[in-house]
Amino acid sequence: MLAIARQRMLGQSFKKILPAVSVLRSYSSAAKQVIFFTFFILAHNLMHTDMVGEYQGAYKITKGLLEKYGPERVLDTPITEAGFTGIGVGAAYYGLKPVVEFMTFNFSMQAIDHIINSAAKSNYMSAGQISVPIVFRGPNGAAAGVGAQHSQCYAVWYASCPGLKVLSPYNSEDARGLLKAAIRDPDPVVFLENELLYGESFPVSDEVLDSSFCLPIGKAKIEREGKDATITAFSKMAAEMLEKDGICAEVINLRSIRPLDRATINASVRKTNRLITVEEGFPQHGVGAEICASVVEESFSYLDAPVERIAGADVPMPYAANLERMAVPQVEDIVRAAKRACYRSVPLAATA
Amino acid sequence: MASWGRRSSGMVHHIKALSKVELRGKAGAMKGGWWRYPLQPGVASALVPRSWPCVNTMASLFLVQRFKSSLPQKQVEDDDGDQDLDFPGGKVAYTSEMKFISGSYDKRIPCYRVLGDDGELIKGGSDFEKVNKELAVKMYSDMVCLQIMDTFMYEAQRQGRISFYMTSFGEEAATISPAAALTKDDIILPQYREPGALLWRGFTLQEFVNQCFGNKDDGGKGRQMPVHYGSSKHNFVTVSSPIATQLPQAAGMAYSLKMDKKDACVVAFIGDGGTSEGDFHAGLNFAAVLEAPVIFVCRNNGWAISTPTSDQFRSDGVVVKGQAYGIPSIRVDGTDALAVYSAIRAARSMAINEQRPVLVESLAYRVGHHSTSDDSTKYRSLNEIEHWKTDRDPVNKFRKWVELNGWWSERDEADLRSSIKKQLLKAIQVAEGTEKPPLTELFTDVYDLPPSNLVEQEKLLRQTVNKYSHDFPSDVSLH
């Protein structure tokens, strides 16, 4: 019978993982390695090996955990997001550290009451008597060819709620460090992964491979330093940015949507004087809107150009491949925006 | 005095009505039902590895279910496999007769009770758990206390001293008896009409009143509306408010208790209206699949605000819903303190020893309005309310029984009532005069540690309050 570690025993049960044979680690295996150390996982269809679309979804992450830790700690649940999120929250009330997996965050809509009212607000509403150390994870945002009901980005839905923390990793290093931080954190955390990134490999340092590697929540990372413009991005969008060149842009990988690292963003804008925010989700009330407001409030006089927001099209995601491509920001869109911000091309208004 | 007799047959007798349901084939023989009270209540159950879904679980509703969390019973009967359908979920016999299981039966599930309306033990009935003087007097006193507190606090709301209140009139026994039947280690997840349970566990009148006034002594730090009590000290989870959210949570907490192998269970309350929520289905189904030690107590009080049960569901109340999930269930008279006590004692034993959920439907009419925002005379007759208020009052009924035992007198009654009234008036006076929570509490507990933006915001707010103190109420302490 597996010992169930309490919150306090968290540190002791982390063991050293496999020695680094290769320095490449895939995004999904990085996440999986962290989950090996979690205590309680809830997801349905754990044994399922394929899913909607070609990308095998979230299952690769939890594969192997059931065999290793047994059905008591890795639960294959009936299909009710509201149900298994509710019981996860209940278990967290009692003292376990559950990790609840959604096949995609689109399905978390059926459980959002438990995420917001039962998890996020509980510590406050109970005056500190009920702490909820739970992690909700799963793929978020657009995949490929999965239609509107499987493609929405929920970063802002959750990031608007006090009491929640919202994280979004870009590469393997992020996946590993942030997920560990999320599980260790005593507050409820929404961990937004990206389905298309599961299969990608990224180079990682030895430090990342160390079993105690953990990233701080609330700190963004400057993926690339620059001086002409600041580009903020998270999750898959960051990948696009690194390929772009021409303008020496400073690319900030947000990592943490809530709390947002306003200090890093503002410091960068004060250096470059121009800002382009990039996200996959819908434009209205998006992450870019919040970053723009923050920069306008704190660094207004440093801005030499209006803030450019790049976001997905303000439509439910269409299925047809050509339409889908048009609905999601492409590298070219960001390049054009960066050029506008640097006055190397005609501003949008002048073309109207 | 009736003693705790014949455990198994007594309880089963009430449930045998279900055996009238049409049984299918050889495999349908009902061997005394799956609600048989364990004969060895002390046996601890070993934790089972979760079985594959296709093993043991019912293909037919009426097969004998295992009583303990042991390995699933093999189906012994038929050797001629071609007469049975071997299907995921288990073997099920075929039939050539096309017959639908009826949606309802002429005879409804009977309601278990111990006391008659006159407060006397029912003749011939002896199937209940004995209650000694000390316990009975505490139960009765708490029921009276709850009734008086409700009366005073309802009035306080009407006078504008608090913003909102919900009474438990008619349901005093339905909430105090379960608490009396549990231990302090059992975790209670209320809906919102169970202050009786919290009262039993030792929450003081002052604490109740402080919460309603939302002052700085409120254990809830003024975060919640009145009657949204919570106390981790008393194992009473803070009232969440949205209906039925506590049911899946209860299954999760019970699963955690099970992992800990604690001699404790979870008790989740829900109303008749709450059984329509999606969370009811999820919670009960999960608890059954996880084999979690949770007691679901449905306080069927006949009304979900203004919706009568006839508009809520078309089943025979709530008790029959348990069977759909594979959960043993009982219907009990919620105005009968002894019946509720016995049923919960038995349910608790079943839940813990057999590591399984149990459903208890308690019938007790909601005498009061839904809340202070409701006027129930708009949708039900005064006669109906009056009848339940006077002729079927659970407090009166129990008092008669306690008096018949020689454990209570008129003098005791007068003393108790005057004492409670005095304490309550004092508590209200004190609560009203106490300051509201300090400014700090606006910003604490959002997260485990205050985030930088809130620290900064609090600092800025203090500066503003200090600078423009005339714009802010004087009863908000800055400390």
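How many residue pairs are in polar contact between domain 1 of chain A and domain 2 of chain A? The count is ten residue pairs, both members being at pLDDT 80 or more, where a polar contact is a pair of N or O atoms within 3.5 Å, one of which, within protein, must be able to donate a hydrogen and the other to accept it, while residues adjacent in sequence count only if both atoms are side-chain atoms. This is a predicted model, in which local features need pLDDT of at least 70 and side-chain atom pairs count only at pLDDT 80 or more, whereas totals for chains, interfaces and linings use all residues. Residues are numbered from 1 along each chain as its sequence is written, chains are lettered from A and ligands numbered from 1 in the order in which they are written, and side-chain values use heavy atoms, with hydrogens and water left out.

**The two domains of chain A**

- The domain assignment of chain A gives domain 1 as 2–209 and domain 2 as 221–344, the bounds coming from an automatic or database domain assignment.
- In domain 1 of chain A, 32 residues are in contact with 25 residues of domain 2 of chain A, contact meaning heavy atoms within 4.5 Å.
- About 2,100 Å² is buried between domain 1 and domain 2 of chain A, with carbon and sulfur atoms giving 59% of that area; buried area is the accessible area (1.4 Å probe) that two parts lose on being put together, summed over both.
- On the side of domain 1 of chain A, the residues that lose the most area to domain 2 are Val156(A), Ser168(A) and Tyr170(A), which together make up 25% of what that side buries.

**Salt bridges in chain A**

- Three salt bridges are counted between domain 1 and domain 2 of chain A, a salt bridge being a side-chain nitrogen of Lys or Arg within 4 Å of a carboxyl oxygen of Asp or Glu.
- Arg255(A) meets the side chain of Glu173(A) in a salt bridge of 3.3 Å, N to O, and Arg255(A) also forms a salt bridge with Asp174(A), whose closest N and O atoms are 2.6 Å apart.
- Arg336(A) counts as partly exposed because its relative accessibility is 46%, and Asp333(A) counts as partly exposed at 26%.

- Helix H5 (residues 205–213) of chain B is mostly covered, seven of its nine residues being buried, among them Leu205(B), Phe208(B) and Phe213(B).
- The buried residues of H5(B) pack against helix H2 (133–158), helix H4 (195–201) and helix H12 (410–433) of chain B, and just after H5(B), Gly214(B) takes a positive phi of about 60°.
- Asp415(B) forms a salt bridge with Arg411(B), their closest N and O atoms being 3.5 Å apart, and the two are separated by about one helical turn because they are four residues apart in helix H12 of chain B.
- Asp415(B) is partly exposed, with a relative accessible area of 36%, whereas Arg411(B) is exposed, with 59%.

**The interface of chain B and chain A**

- The contact takes 40 residues from chain B and 43 residues from chain A, and about 3,400 Å² is buried between them, of which carbon and sulfur atoms give 63%.
- Met259(B), Phe286(B) and Tyr447(B) supply 21% of the area that chain B buries against chain A, more than any other three residues.
- The interface has zero salt bridges, but 15 residue pairs are in polar contact across it, both at pLDDT 80 or more.

Methods:
Buried means under 20% relative accessible area, exposed over 50%, partly exposed in between (1.4 Å probe, protein chains only).
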